[in-house]
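Q: I would like to learn how to read a few features of a two-chain model. Where do we start?

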Amino acid sequence: MQIQVKCSCGAEKCPEWAIIELQGVVEVQPSFQHSLQNLQIGLLCRPSSQENYTFTVGYHELTGYKVALKKPMVVLKKIKYMDVERQIDEATSSSSCVELDVVGFIRHKILFKTRPTTLISGPQPTVKEKINAEGA
Amino acid sequence: MMEQPHSCCKGAEMLLNLQPTSSVSIQYHPFFGPHDDLVLLELDEKLLSDVLYQRVTLRGQPDEDAVLCTKSKTYLVKFVGTSNSVFLIPPADYSTSHESGGENYNQQVPTASVIKVAPGNMELVEVAPRLDKLKSILSENLYSSDEASTAMGDLYKWDDLINKVQASDDELKAGLQALSAVEIDGYWRIVDEKYMDVILRMLLHNSVLNDWSLDSLVEDKVVSVLESDGFPRKLVYHCLNVYGSRVEEAMDGGVWRLDARRVCVHFARGILREGKRKMESFMEEWLRMIPEEIQPSFDLLEGEVLTEKLGVETWVRALSVSSLPTTPADRFSILFKERAKWEWKDLEPYIRDLNVPGLSSEALLLKYTRRSQPSIDAEPVFSAR
């Protein structure tokens with residue numbers, strides 16, 4: 001079986017995606033669990049001309065930096081489709097085909113890996129950041 | 001800062017180009033969800049253009065681990081999880097299959113939306129091509145002299161082999177070459193050894209009859225004579241390819257030189273097919289079969305035969321490196337079953353062809369064998385770990 005890896009947007013037009021990475025888990029208040037769309041997680045700021053960033057999630061403020069990935073990544077989308085012609089030719093094998101489409105690439109991430117500081121005052125958060133118990 | 005909403009105040013572009021003293025609101029994307037159909041694949045820089053320019057495929061059967069193949073290399077695809085939260089942010093114009101809704105957020109505020117929290121990413125590990133399967137499927141139906149009656153069961157064209165064997169195109173071609181496979185009527189076949197023996201002997205017989213030099217066999221003459229003896233043209237060419245090489249310097253092309261090693265190995269295997277033989281008996285028969293023009297020497301049989309002393313007698317038996325597994329662990333396991341202890345000079349021909357990306361032969365020995373030295377001036381000996 002062969003699965004083709006395609007890039008339907010074309011190699012030159014393939015867009016760059018981004019990653020924000022935290023050592024921790026973001027928790028949403030129970031009443032908002034089912035309406036996440038457009039819900040703000042937090043505010044990310046770049047205070048100076050350096051590649052340092054702060055990320056404020058609920059009561060916590062994280063500090064981090066933008067880093068180039070050691071190895072680039074691509075974002076692949078699995079596409080399943082029914083191939084009617086194949087269905088007729090290969091009666092015994094599966095009639096659905098899978099393709100992988102490269103929808104983007106990633107070269108940078110904004111990484112937050114230090115313990116957050118707690119802000120003393122601020123609005124009631126609908127989203128808050130929780131430090132992983134194992135401190136990954 | 002932005003007077004009207006446009007794509008650069010949203011999405012990944014916004015985030016990656018965030019200016020000093022600016023901020024961006026990180027939100028859940030309107031279509032935030034598990035999106036199991038979106039996966040991250042980490043790869044070496046040098047593979048990036050192969051992927052973007054559609055030069056890679058995934059190969060394998062549903063019950064096998066997936067491998068990713070470029071034109072010339074094979075990589076195992078592995079998932080590596082993370083306990084971190086990896087927020088994946090697409091470019092501003094990314095949309096999923098649902099087209100409705102989602103545009104109800106304030107476009108004046110710079111935002112970057114998270115489409116998914118990735119549980120980890122796939123990564124690639126370069127591996128040797130899985131060619132053992134190639135040999136076994138092509139051996140199901142050896143091409144023999146009574147082809148008409150035996151050509152049933154599965155035969156494989158190039159595209160069938162691609163679907164079944166986890167190897168890149170180049171590695172598959174090399175594998176077919178190593179097996180001395182030949183393409184007949186579009187199907188890749190391994191020719192039965194006995195049939196190859198018949199063709200080779202006929203070629204040698206005719207060389208003597210017609211006074212042909214084995215160093216400069218004229219292709220056209222050889223093919224026409226053997227064809228009139230009843231052999232298919234394709235197989236005569238195949239015989240020349242298997243036992244000889246083209247003489248590049250020949251003026252009018254189509255001149256071949258028989259390879260001493262390949263011819264000698266062929267006859268040795270024939271003699272030992274029925275079992276081991278005493279050295280004297282083997283040598284006597286072997287030297288008799290080898291054509292006069294070829295200078296035989298026992299060294300030519302390295303990697304093909306093993307000698308062992310039983311009492312006062314020395315015996316010879318066949319063990320061809322081409323019959324052994326291609327994966328190191330299995331290879332060493334069989335070698336140590338054949339013989340418990342090996343000296344380097346005997347072992348080397350049997351592991352010379354092992355291909356493990358990133359492991360030298362010293363490293364292979366360290367990993368799979370135990371080295372011992374009976375005394376300071378004795379040869380080191382290798383045995384199973």
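A: Start with one residue. Because Arg269(B) has 26% relative accessibility, it counts as partly exposed; the classes are buried for under 20% relative accessible area, exposed for over 50% and partly exposed in between, with a 1.4 Å probe and protein chains only. This is a predicted model, in which local features need pLDDT of at least 70 and side-chain atom pairs count only at pLDDT 80 or more, while totals for chains, interfaces and linings use all residues. Residues are numbered from 1 along each chain as its sequence is written, chains are lettered from A and ligands numbered from 1 in the order in which they are written, and side-chain values use heavy atoms, with hydrogens and water left out.

Q: With which residue does Arg269(B) form a salt bridge in which the closest N and O atoms are 2.5 Å apart?

A: Side chains of opposite charge can pair when their charged atoms come close. The term salt bridge is used for a side-chain nitrogen of Lys or Arg within 4 Å of a carboxyl oxygen of Asp or Glu. Here the partner of Arg269(B) is Glu193(B), at 2.5 Å between the closest N and O atoms. The two lie in distant parts of the chain, 76 residues apart: Arg269(B) in helix α10 (residues 260-272) and Glu193(B) in helix α7 (residues 193-210), both of chain B. Helices (H or I, at least four residues) and strands (E, at least two) are DSSP runs, numbered from the N terminus. Glu193(B) is partly exposed because its relative accessibility is 31%.

Q: Where does Glu304(B) lie, and how is it linked to Arg269(B)?

A: A salt bridge joins the side chains of Arg269(B) and Glu304(B), at 3.5 Å from N to O. Glu304(B) is in the loop between α11 and β15 of chain B, 35 residues from Arg269(B) in helix α10. With a relative accessible area of 9%, Glu304(B) is buried. Shared partners connect Glu193(B), Arg269(B), Arg273(B) and Glu304(B) into one network of salt bridges.

Q: How many salt bridges does the structure hold over all chains?

A: The count over all chains is 29. Another of these pairs is Glu64(B) with Lys133(B), whose side chains meet at 3.3 Å, N to O. This pair also links distant parts of the chain, 69 residues apart, with Glu64(B) in the loop between β3 (57-59) and β4 (67-69) and Lys133(B) in helix α3 (residues 132-138) of chain B. Glu64(B) is partly exposed at 26% relative accessible area, and Lys133(B) is partly exposed at 28%.

Q: Which residues does Ile290(B) touch, not counting residues up to four places away in sequence?

A: A contact means heavy atoms within 4.5 Å. On that basis, with residues up to four places away left out, Ile290(B) touches Cys264(B), Phe267(B) and Pro296(B). Ile290(B) sits in the loop between α11 (279-289) and β15 (305-310) of chain B. Its relative accessibility is 8%, so Ile290(B) counts as buried. The C-alpha atoms of Ile290(B) and His266(B) are separated by 9.8 Å, and the two residues are 24 apart along the chain.

Q: Is Arg339(B) buried or exposed?

A: Arg339(B) is buried, because its relative accessible area is 16%. Its place is the loop between α12 (328-338) and β17 (342-343) of chain B. Not counting residues up to four places away in sequence, Arg339(B) touches Leu306(B), Thr307(B) and Asp346(B).

Q: Which residues of helix α2 of chain B are buried?

A: In helix α2 (residues 45-52) of chain B, the buried residues are Leu47(B), Leu48(B), Asp50(B), Val51(B) and Leu52(B). Just after α2(B), Gln54(B) has a positive phi of about 60°.

Q: What does chain A come to in secondary structure?

A: Chain A has one helix and nine strands. Along the sequence the pattern is β-β-β-β-β-β-α-β-β-β. Of the 136 residues in chain A, 40% are buried. Among contacts in chain A with a separation of 6 or more, 70% are between residues 24 or more positions apart.
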